[in-house]
Amino acid sequence: MYNFPDSNGHFGPYGGIYVAETLMGALEELKLAYEKYRQDPEFIAELNFDLKHFVGRPSPIYHAKHLSEHLGGAQIYLKREDLNHTGAHKVNNTIGQALLAKRMGKKRVIAETGAGQHGVATATVAARYGMECVVYMGSADIQRQSPNVFRMKLLGATVVPVESGSKTLKDALNEAMRDWVTNIENTFYIIGTVAGPHPYPMLVRDFNAVVSKEAVVQMPELAGRQPDAVIACVGGGSNAMGVFYSYIDMPGVKLIGVEAGGHGIASGEHAAPLTANSPVGVLHGNKTYLMQDADGQIIETHSISAGLDYPGVGPEHAWLKDSGRAEYVAINDDEALQAFHDLCHLEGIIPALESSHALAHAMKIAPNMDKDKVLLVNLSGRGDKDINTVARLSGIAL
Amino acid sequence: MSRIQTVFEKLKLHKRKALIPFVTAGDPHPKFTVPLLHALVEAGADVIELGVPFSDPMADGPTIQRASERALKHHVGLHHVLDMVSEFRSKDANTPIVLMGYGNPIEAMGWETFARRCEAAGVDGVLTVDFPPEEGHEAFAHLEKHGIDPIFLLAPTSTDARMERVAKQARGYVYYVSLKGVTGAVHLDLSAIKVKIPQLRKRINLPIGVGFGIRDAATALAVAKLCDGVVVGSRIVQEIENSNEQNVVANVRSLVKELRQAVDKA
């Protein structure tokens with residue numbers, strides 16, 4: 001029985017609590033609060049109520065018949081996280097953390113965001129539960145994801161542009177950590193992915209695990225059995241951990257994480273530390289595979305999708321790679337973009353560029369599989385936020 | 001007796017408080033680092049904290065972040081920092097040097113190699129901001145093997161249990177972070193320091209330095225009265241930032257002299 005992390009947040013050699021002393025007390029407090037409320041029937045009932053009535057769970061699974069026929073191999077099923085309120089899986093986690101914050105008496109929440117999906121999901125629950133909300137976002141990402149920036153503002157959040165470093169997700173995380181250390185008494189930091197110091201990788205996974213808890217029930221109903229493989233994109237890796245989690249103890253189900261290959265692994269311009277076998281290092285509170293130079297400085301990453309543009313990866317993915325339980329591959333920008341267009345045309349679904357990476361890998365392997373094989377792709381988000389990016393790449397001014 | 005211990009024993013004997021300035025290695029340019037270190041000593045530094053540049057300095061405010069960025073423009077990595085210490089040490093056998101930074105550059109070099117090179121270069125202590133005792137015990141064993149003191153931070157949020165935990169592993173001195181926040185913040189709460197220091201003394205039998213938020217001679221004096229040493233970082237880095245190549249060493253020297261005079265009134 002899979003039972004990670006250990007009590008100190010380690011997944012084998014990965015994970016842990018690598019933070020400055022000022023944060024140690026707050027992380028301990030969070031760990032204790034989570035241990036208490038995760039078993040509290042009232043907490044669970046409130047969480048489930050909002051997942052159902054506010055988010056719209058369970059999200060359906062959809063058999064992409066037309067796409068599968070077009071490819072001529074394995075049947076592709078999509079877990080429709082794109083249909084959640086706010087348009088992605090991120091809200092599963094922000095509701096959970098905001099309810100924890102409420103019980104811990106914290107009236108102010110902060111978040112980092114890359115594509116803006118986590119920022120929107122945080123701003124949404126902050127409005128829902130009456131909390132002050134500040135979102136840190138790299139100024140490069142603000143450029144790429146302007147609709148989500150406006151969405152956050154509509155929801156009453158303050159969006160703070162981060163100008164340091166590469167002006168992307170990792171720098172937003174640095175800035176959110178700095179805010180947290182300064183305002184630790186009244187502030188709850190809602191981390192959006194399965195990274196950061198313990199207990200974050202565990203609790204973000206647990207709140208997203210609702211995705212695979214539903215899927216293990218839905219797949220037999222719809223497809224008559226569990227999938228041969230579950231496929232999800234991996235930036236930090238929260239949607240992948242969510243859809244993998246209930247399948248980890250089912251050895252017949254292959255788990256495939258798809259990283260952002262950018263311009264190709266060989267080019268060095270990517271965001272695929274697992275696929276590229278990057279050295280292990282420490283960043284943002286945990287030990288994991290990390291894109292860095294020989295001096296241990298974090299290097300700039302590249303991906304067409306802001307949500308995958310991150311030099312590290314959740315420590316649990318590092319462990320699943322080493323243990324051989326999951327396999328990690330990379331999909332390049334152009335392959336992801338092609339998959340984006342294909343799903344639009346063949347199924348009438350506009351996927352997020354992040355999720356398009358998972359889809360592209362499914363489309364790559366499906367033709368070589370028998371027609372009775374089944375692939376489950378986590379369609380982690382919808383692509384409305386990406387239409388400006390795709391239009392620009394197609395040379396179209398909106 | 002280690003260099004750090006010797007310095008604090010001597011200060012105690014003369015009833016003086018330590019002045020511990022911080023500069024980032026390679027800021028504003030690698031050629032200034034060794035001259036700046038000597039200038040700090042001439043101006044009255046007892047111990048020097050030398051920042052190792054890192055791409056993602058999460059615990060630092062904008063001033064020290066920019067110092068890291070300036071150094072990284074010249075690709076100043078851990079190897080260079082160790083070379084700079086060697087060069088400094090060839091002319092100064094007594095002033096302790098503490099390397100301060102984040103864990104990843106050391107992870108990349110390997111802790112055993114790092115500790116061996118620290119010993120060879122004449123480094124006296126290492127403060128790794130993001131390695132608490134819980135995660136660092138194996139790493140710190142390498143340091144101890146080579147006679148390097150692991151220096152730890154304690155914060156207003158540190159519980160009694162954490163103070164005791166740190167007390168077990170700390171050597172040299174402990175660095176009390178005077179506020180909740182990043183380096184260079186402005187709100188220094190003297191009354192909170194006054195309450196915390198006796199609690200630390202009860203549990204930790206090492207000199208206590210206090211830093212974060214010390215902006216000028218007046219705050220340096222006020223803090224010096226309460227502890228064994230005053231750490232000044234962002235204010236010095238700001239002086240470097242506001243100087244040009246011609247006057248940077250002289251400007252830093254006169255600022256540190258001012259701080260020295262203030263600390264000596266304590």
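Biologist: How much of chain B counts as buried?
Modeller: In this predicted model, 62% of the 266 residues of chain B count as buried.

Biologist: Which helices and strands does chain B have, by number?
Modeller: Chain B contains 12 helices and nine strands. Its radius of gyration is 17 Å, close to the 18 Å that the globule rule gives for 266 residues, so chain B is as compact as a globular protein of that length.

Biologist: What does the C-alpha trace of chain B span along its principal axes?
Modeller: The C-alpha trace of chain B spans about 45 × 40 × 35 Å along those axes.

Biologist: And what about contacts in chain B between residues at least 6 apart in sequence: how many join residues at least 24 apart?
Modeller: Of those contacts in chain B, 72% join residues at least 24 apart.

Biologist: How many salt bridges are found across the interface of chain B and chain A?
Modeller: The rule finds three salt bridges between chain B and chain A. One salt bridge joins the side chains of Lys287(A) and Glu107(B), with 3.4 Å from N to O.

Biologist: How many residue pairs are in polar contact there?
Modeller: There are 20 residue pairs in polar contact across the interface, with both residues at pLDDT 80 or more.

Biologist: A change of topic: where is Gly116(A) placed?
Modeller: Gly116(A) lies in the loop between β5 (108-113) and α5 (117-129) of chain A.

Biologist: Is Gly116(A) buried or exposed?
Modeller: Gly116(A) has a relative accessible area of 0%, so Gly116(A) is buried.

Biologist: Which residues does Gly116(A) touch, not counting those up to four places away in sequence?
Modeller: Gly116(A) touches Met137(A), Asn148(A) and Met152(A) on that count.

Biologist: And what separates the C-alpha atoms of Gly116(A) and Phe150(A)?
Modeller: The C-alpha atoms of Gly116(A) and Phe150(A) are separated by 10.0 Å, and the two residues are 34 residues apart along the chain.

Note on methods:
Residues numbered from 1 in each chain as written. Chains lettered and ligands numbered in written order. Predicted model: local features only at pLDDT ≥ 70, side-chain atom pairs only at ≥ 80, totals over all residues. Heavy atoms only, no water. Salt bridge = Lys/Arg side-chain N within 4 Å of Asp/Glu carboxyl O. Polar contact = N/O pair within 3.5 Å; in protein donor to acceptor, adjacent residues only side chain to side chain. Helix = DSSP H or I, 4+ residues; strand = E, 2+ residues; numbered from the N terminus. Rg over C-alpha atoms; globule rule 2.2 N^0.38 Å. Buried < 20%, exposed > 50% of the residue type's maximum accessible area, 1.4 Å probe, protein only. Contact = heavy atoms within 4.5 Å.
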